[in-house]
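The sequence and structure come first.

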Amino acid sequence: MRPLSRRTVLAGSLALALTLGTGPLAATATASASARSASAPDAEALRAAIAGLPNADATAALVRVGGHEAWRGSSGVHDLASGRAADPDGRFRAGSTTKVVTAAVVLQLAAERRIDLDTPVQHYLPGLLSSDFLPVSVRQLLNHTSGIKAGDGFDDPYAHRFETLPPARVVASAVAKGPEFDPGRQQHYLNINYTVLGMLVEKVTGRSYASEATRRVLRPAGMRNTYFPGTDPRIHGPHNHGYMNRRQPDGTTQLVDVTEWNQADRWAAGDMISTTRDLERLITALFGGRIVPGPQLEEMFTVPADIEGASYSAGLQLWEYGGEEYWFKSGARYGYSTAIAATRDLSRTLVYSVNSTDAKDTTANPVVTAVVMAALK
């Protein structure tokens, strides 16, 4: 993975789930950080960013900008068949923003001294990693410096979208590949780190990951419309449909409805279903110190200093733009692109869900780019 530069535009990183890297756009910051943070959101620019949906890039967009002043907006359609307006409070697949919740659970357990961040995961889960692996600390799982490779999935995920791929099988396939690098030597963002952390949570607490995450994070943050679907392929409650471009046998592409999809293999790394309001509550409660105690919360704002190009912390990623630091996490599942972002003092927050038709593509989605640049200008 090419490390993010300080001039890389946030939009590209957010749209690509932060694992692929994108080139910088021509835009640069012209306003001072303090002026931008204190200013009201640019309502005209935000409306323009989500105008004209559905189009080739997205079918709907839900956006919440907060801080000193707030802006809320939605556009697009609930589904292409009916054409009715998108539900601004609709649920969606939140993808890798789930990692923020998982990190918070692990850090709570660290505060309770049930987990030591410097202790190897092999101590808690003996036999999970083979003898090919050096000791991998819990902290190295949190900040993606473990050296564990990605586990295998289905060759054609769409064709198998209603089948269950157990997380344990994904971990086993990753372990069988051996380490990518020695722990702590590099940083490589991968879901596998948080899949292992989900197993750690269950081993230490004796309860399911979903129940612990709900009890420790969702309820305290007031996330009443967020849940973990497990093997259920449906999104329950109000939601807007997700679509993706899929190549047909004749070589053409066609939009297919991918709203229903068994995402069990994403689990603690990306299986959460949420709303923009709930994700805004999450980042506000978390940064406000209401979820994770202060000493452990610092882990979420600490990037490894001894790894060149490192930008990931425990559950979040750092991006510096125009003299301001933003901490964010994106998520991309088929049909849905999501992100949460904020300054540490919460003077500016952003949450969006864009029903992008290329949510797992390797290029930045234009609607996502426009939303991010309008929100943070």
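Predicted model: local features only at pLDDT ≥ 70, side-chain atom pairs only at ≥ 80, totals over all residues.

Two packed helices are described by the angle between their axes and the distance between the axes. The table gives these values for two contacts of helix α4 (residues 98–111).

| Helix pair | Angle | Axis distance |
|---|---|---|
| α4 and α8 (residues 191–205) | about 40° | 10 Å apart |
| α4 and α9 (residues 209–221) | roughly 80° | within 9 Å |

The angle of about 40° makes α4 oblique to α8. The crossing of α4 past α8 is left-handed. On the α4 side, the contact is made by Lys 99, Thr 102, Ala 103, Val 105, Val 106 and Leu 109. Helix α8 contributes Asn 191, Tyr 194, Leu 197, Val 201 and Thr 205. By class, seven residues in the contact of α4 with α8 are nonpolar, three are polar and one is charged.

With an angle of roughly 80°, α4 is roughly perpendicular to α9. Residues of α4 in this contact include Thr 98, Val 101 and Gln 108. Among those of α9 are Tyr 209, Glu 212 and Arg 216. The contact of α4 with α9 has eight nonpolar, three polar and two charged residues.

How values were computed
Residues numbered from 1 in each chain as written. Heavy atoms only, no water. Axes fitted to C-alpha atoms, helices over the stretch in contact; angles between N-to-C directions. Helix = DSSP H or I, 4+ residues; strand = E, 2+ residues; numbered from the N terminus. Parallel < 35°, antiparallel > 145°, perpendicular 65-115°, else oblique. Left-handed = near helix turned anticlockwise from the far one by under 90°. Contact = heavy atoms within 4.5 Å. Nonpolar A, V, L, I, M, F, W, Y, C, P; charged D, E, K, R; others polar.
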